[in-house]
Every structure is written in C-alpha cells, then in structure tokens.
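Please read them with the sequence and the structure open.

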Amino acid sequence: MFVRRLALRDFRSWPQIDIDLAPGPAVFLGSNGRGKTNLLEALYYLSTLSSHRVASDQPLIRLGAASTKITAVAVNAGRELTVDVELIAGKPNRANINQSPVRRPREILGIVRSVLFAPEDLSLVRGDPGDRRRYLDDLLSSRIPRMAAVRADYDRVLRQRAALLKSAGGSMRREHSADGMSALATLDVWDGQLAQFGAQLLAARIDLLADLAPYVTESYRSIAPESQPVSIFYRSSLGDALPIEYSDPLQHNDHADTELLEALLLRELAQVRPKEIARGVCLLGPHRDDVELRLGTHPAKGYASHGESWSYALALRLAGYRLLRADGTEPILMLDDVFAELDRRRRTALAAVAAEAEQVLITAAVPEDVPAELESTRFSVRTVEDEADRHSQLTSFDEDQPR
Ligand SMILES: Nc1ncnc2c1ncn2[C@@H]1O[C@H](COP(=O)(O)OP(=O)(O)OP(=O)(O)O)[C@@H](O)[C@H]1O
C-alpha cells in the first residue's frame with residue numbers, strides 16, 4: 001500500500017499542510033527541529049492511533065490550537081480510502097473513513113499500515129519491558145486490527161482491578177468484614193475478565209513471536225553478519241507455569257491454546273492474590289511480561305555494544321516490516337534520521353530493503369545522509385518565523401537549490 005496524500009491541520013509544528021506523495025522513496029530534508037519527524041509521526045498515528053514518541057495525545061496538538069486533524073488517502077491494490085482522525089483536547093478522538101464517521105477510532109486501524117524505524121528504537125533493546133511489549137502489541141494491532149479492541153478491554157479491566165486492589169486492600173484485610181467479603185467476590189469477577197482478555201492477548205503475542213522470530217534472526221544476520229546470532233524468547237509473568245514451547249518461538253508451531261492460558265492465568269491469580277492484596281497491584285498478566293532478546297547466549301540488554309544494539313533494534317523493525325509484507329499488505333516504511341547513525345554495511349543492508357518497499361518515507365539532515373539508491377522526490381522542511389508565529393513549511397528541495 002502507499003499514501004497518495006497526507007494532510008495535516010494544527011499537528012505539532014504544522015499549522016496546515018497538504019502533500020502529494022507517490023510510491024517509492026520520498027526524502028524530507030532539513031536541519032534539527034524543523035518538523036520532519038512530526039510528518040512521520042502523524043502518519044504513524046493514523047496506522048496505530050498512538051505516537052511513537054509520547055504516551056498522550058496532547059503534545060500532538062499544535063500549541064495554541066484546540067484540536068488537530070490528520071488525513072490520508074491510502075491506496076491498497078488500486079483501491080483508495082480516505083481516512084482521518086481528529087484529536088480534540090479534553091474530548092474523545094473522532095475518525096472518518098471516506099468522510100463517514102466511524103463508531104470508534106480504532107475501526108480505522110489496518111487502512112494505513114506502517115513500520116517506523118527511529119533513533120528512539122534503541123530502547124527496544126536497552127529500555128524497559130514496556131518498550132518491548134509495545135513493539136509486539138503495535139505490530140499485533142497492525143497485523144490483526146481486532147487485537148486493538150482486546151488490548152483496550154484488557155487495559156480497562158486491569159485499571160479497574162488495580163483500583164479495587166488499592167481501595168479495598170484495607171477492608172479485605174479486616175477478616176470476615178462485610179466489605180472485605182464483597183470486595184473478594186468482586187475481585188473474583190475481575191480475575192475472570194483479566195484471565196479471559198489476558199489469555200487472548202497472551203496467545204496472540206506468542207503466535208506473533210513464533211512468526212516473527214525467523215525474520216528477526218534473518219534480518220540481524222543480513223545487517224551484522226560478523227556478529228553472534230540472535231534469538232528471542234517470551235518471558236511471561238506466569239513463569240514456569242507457561243509451557244516451554246510458548247516461551248521459545250522456535251519450538252512453537254501451532255496456535256497457542258487460549259483456553260489453557262486462561263485456566264493458567266486464573267490458577268496463578270488465585271495463588272498470588274494474598275501478595276496482590278498486600279501490595280495493592282496486579283502482579284500477574286501480559287502487562288508484566290517481557291521479550292528477552294539474546295545475543296549469542298547472553299541477554300542483549302546490558303551486554304550488546306552500541307552498534308550491536310542498533311543492529312538489533314533495526315532487525316526487530318525490519319522483521320516486523322517483512323512479516324506484514326509476507327501477510328500480503330505491504331506497509332509504508334518510514335526511516336527517521338537513521339542512516340547517519342549506521343556504518344556502511346548496515347546502510348547498504350537497510351537501503352536494499354528500502355529500495356524494494358512500495359513506499360518509503362525518509363528524513364535526514366542533509367542529502368549526503370541518504371544512500372544514492374533511495375534518491376527521488378525530495379522536500380525541504382524549514383521553519384518560518386514571524387512576530388506572531390513559528391511553524392514548519394515544506395517546499396520542493398530541488399527547486400530550492402541555487403542553479
Ligand atoms: N505541539 C506543538 N506545537 C507547536 N510546535 C511543536 C509542538 N510539538 C513540537 N513542536 C515543534 O516541532 C519541532 C520539532 O519537530 P521534529 O521533531 O519533527 O524535528 P525534526 O525536523 O525531526 O528534527 P531532528 O532532526 O532534530 O529530529 C520543534 O521545533 C518543536 O518545538
């Protein structure tokens with residue numbers, strides 16, 4: 001798929017912009033802080049309903065504006081769909097497909113598919129488990145859009161159960177108190193829901209990892225052939241209760257059994273309940289899980305060098321890209337200021353993948369940062385400043401140059 005048009009209103013540094021795009025590479029050039037990443041972030045938002053940089057939507061709305069709107073015309077196998085989402089401060093977001101409102105914004109997921117590789121991705125290797133969970137879950141929602149609803153249900157149950165654990169902890173501790181008994185009964189209901197949605201999410205992650213793992217190994221080998229091989233494992237808060245073939249993607253060849261996982265979660269939740277009540281937090285479930293990234297026989301986190309960590313992060317993104325492609329829908333590849341960080345071999349490996357992409361959007365400070373095989377449409381991104389305002393502006397790079 002590709003995006004034929006991207007229009008923004010009051011998105012970060014862009015008051016208004018309407019860009020025509022074509023299949024193949026497009027390069028956005030400009031020095032630091034001009035608004036290049038903001039363009040990619042907007043498109044990424046349409047494909048995941050979240051930013052790759054911030055957890056809340058507020059920073060995406062241009063300072064001084066009350067709302068922002070992102071619109072794209074996506075072309076998939078010759079079929080065009082116009083999709084837009086409006087983020088309004090303090091109100092629920094709204095979305096349209098072909099100008100018709102959808103009931104929930106997440107109904108637009110799957111129309112624009114993208115994979116974004118950005119400097120922040122180093123945190124996939126060096127950061128907290130939450131960064132790796134998010135990587136898996138975003139890929140999951142791109143691949144199977146209905147999983148976004150499962151995630152939302154799981155998060156809702158998690159929040160409500162956590163609130164119950166916190167507020168009712170005191171009354172539960174008072175033995176045989178009426179409040180305590182009723183809180184325990186309510187907790188049983190939430191345990192059931194947590195196990196139900198948690199098992200669906202867990203099964204989907206385990207299946208995803210099994211499909212993804214060979215692409216991660218292959219992508220890493222192509223980027224860093226001289227390095228030790230990599231392998232990935234699912235680390236569940238269920239610990240040893242999780243069947244071994246569910247932890248090791250190379251041993252998992254079937255669909256994960258959701259009923260089995262639900263029963264395991266329920267059983268283990270019953271076991272940890274006293275601890276959860278004492279601490280007032282949910283200790284078990286996919287929100288506590290991690291993906292272990294190994295380099296050779298060691299965990300990459302704390303062991304891999306800077307270059308190896310970069311290669312690993314890039315391999316994870318390329319693996320996601322290849323997996324979506326193998327599913328039959330080519331995602332847009334977005335490369336945010338990454339070539340300058342890469343050595344020659346890794347630049348060449350990444351450029352080879354990007355040159356084959358149906359559409360690739362690249363940001364860079366200077367043209368020399370972009371490999372020659374990816375040269376095509378070039379835009380200049382600059383900042384315009386007057387007394388009243390400071391904002392980004394886009395022009396054709398080639399027309400900009402002195403003749
Ligand atoms: N909500 C907002 N309203 C107005 N301006 C914003 C908002 N959020 C960010 N900006 C501005 O956007 C600019 C940063 O844009 P962006 O991150 O796209 O830069 P960039 O061109 O990718 O730079 P770099 O090469 O340094 O990554 C900054 O000038 C920042 O002040």
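**Notes on the predicted model**

1. Strand β1 (residues 2-11) and strand β4 run antiparallel and are joined by seven bridges. Within this pair, alanine 7 has threonine 71 of β4 as its bridge partner. Strands here are DSSP runs of E with at least two residues, helices are runs of H or I with at least four residues, and both are numbered from the N terminus. Two strands count as paired if DSSP finds at least two bridges between them.

2. A word on the source. This is a predicted model, in which local features need pLDDT of at least 70, side-chain atom pairs count only at pLDDT 80 or more, and totals for chains, interfaces and linings use all residues. Residues are numbered from 1 along each chain as its sequence is written.

3. On confidence: the protein chain has a mean pLDDT of 92, and 95% of its residues reach 70 or more. The pLDDT is the predictor's confidence in each residue, on a scale from 0 to 100. For the complex, the predictor gives an ipTM of 0.98 and a pTM of 0.92.

4. β1 and β4 belong to an open sheet of six strands, in the order β2-β1-β4-β5-β6-β7 and with antiparallel pairing. The edges are taken by β2 (14-20) and β7 (100-101), each of which has a single partner strand, so one side of each is left without a neighbour in the sheet.

5. On its other pairing, strand β4 (residues 67-76) meets strand β5 (residues 79-88) in the antiparallel sense over ten bridges. Alanine 72 has valine 83 of β5 as its bridge partner, and isoleucine 70 stands opposite valine 85 in β5. The two strands form a hairpin with two residues between them, and alanine 77 in the turn has a positive phi of about 50°.

6. An open sheet of three strands has the order β9-β10-β11, with antiparallel pairing. Its edge strands, β9 (230-235) and β11 (298-299), each pair on one side only. Strand β10 (residues 290-295) is joined to β11 by two bridges; here arginine 294 has proline 299 as its bridge partner.

7. In total, the protein chain has ten helices and 15 strands. Its radius of gyration is 23 Å, close to the 22 Å that the globule rule gives for 403 residues, so the chain is as compact as a globular protein of that length. The radius is taken over C-alpha atoms, and the rule is 2.2 Å times the number of residues to the power 0.38. The C-alpha trace spans about 85 × 50 × 40 Å along its principal axes.

8. The chain is divided into domain 1 (1-113 + 329-403) and domain 2 (126-327), with bounds from an automatic or database domain assignment. The contact takes 15 residues from domain 1 and 16 residues from domain 2, where contact means C-beta atoms, placed from the backbone, within 7 Å. On the domain 1 side, α1 and α9 (344-356) are the elements that give two or more residues; α9 gives the most, with four.

9. Which residues are closest to the ligand? They are Ser13, Asn32, Lys36, Thr37 and Asn38, among the 18 residues that surround the ligand. A residue counts as near if its C-beta atom, placed from the backbone, lies within 6 Å of the molecule. Helix α1 (residues 36-48) gives the most to this shell, with three residues.

Technical notes: Contact = placed C-beta atoms within 7 Å.
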